[in-house]
Amino acid sequence: MRDRRVGHAERTQVLGLLGNAYEAGVLPVGEYDARVAAVGSAGYASQLRLQVSDLPPAYAWKEPVSAGAPERSGTGRIALILGIASVPMSMCGIGLVLGVLAVVAGRTAGPADGGPRVTSALVGRVFGIIGIALSLAGLAAFYLAWRQSS
């Protein structure tokens, strides 16, 4: 198992456990001070576990389980690229095709559980819809101009 880096929240949890152990008389003052200093400079979970490993089970640190980064597929990124490209390309008609592709690609990549609600797939879909609308407006304007000249 890889040793993961810890932040302020984890250090605060361990400091709380050490404080409880000190108040209960489990730790003498000198040892408590040394452990608090070690926790303050700890950068990894193993360093925090070491400070509470020899205490009774009531003072054990339950390391938060990280869900890990969700698997990222390239579909969201593809939808974003296609969607952004569809907007300027809408003036020549290609934006319609790129916009449709962006919307289709963006539908398969949704937000992960507990992940951010605004994803690159969503932004790609929005740009794709804008590209489609601009393409349709451009085609309609071209048709009306052609019809007026005839």
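A contact here means heavy atoms within 4.5 Å. With that in hand, welcome to a predicted model whose protein chain has 6 helices and 0 strands. Residues 24 or more positions apart account for 65% of the chain's contacts with a separation of 6 or more.

**Overall picture**
- Reading from the N terminus, the elements run α-α-α-α-α-α.
- The protein chain has 150 residues, and 25% of them count as buried.

**The largest nonpolar core**
- This core holds 14 residues, and those touching the most other members are V14, L18, L48, V52, L55 and W61.
- Two elements, helix 1 (8–23) and helix 3 (45–52), each give two or more residues to the core.
- Helix 1 gives the most, with 4 residues.
- As general background, nonpolar side chains in soluble globular proteins tend to be buried together.

**A closer look at W61**
- Leaving aside residues up to four places away in sequence, W61 touches V6, E10, Q13, V14, L17, A45, L48, R49 and V52.
- Among these partners of W61, V14, L48 and V52 are also on the list of core residues that touch the most other members.

**Helix 6**
- Helix 6 covers residues 120–149, which makes 30 residues.
- From its first C-alpha to its last, helix 6 reaches 43 Å, close to the 44 Å expected at 1.5 Å a residue.
- Which residues of helix 6 are buried? They are A121, G124, G128, G131, I132 and S135.
- An α-helix has 3.6 residues a turn, so residues three or four places apart point the same way.

Note on methods. Residues numbered from 1 in each chain as written. Predicted model: local features only at pLDDT ≥ 70, side-chain atom pairs only at ≥ 80, totals over all residues. Heavy atoms only, no water. Expected span 1.5 Å × (residues − 1). Buried < 20%, exposed > 50% of the residue type's maximum accessible area, 1.4 Å probe, protein only. Core = buried A, V, L, I, M, F, W, Y, C linked by side-chain atoms within 4.5 Å.
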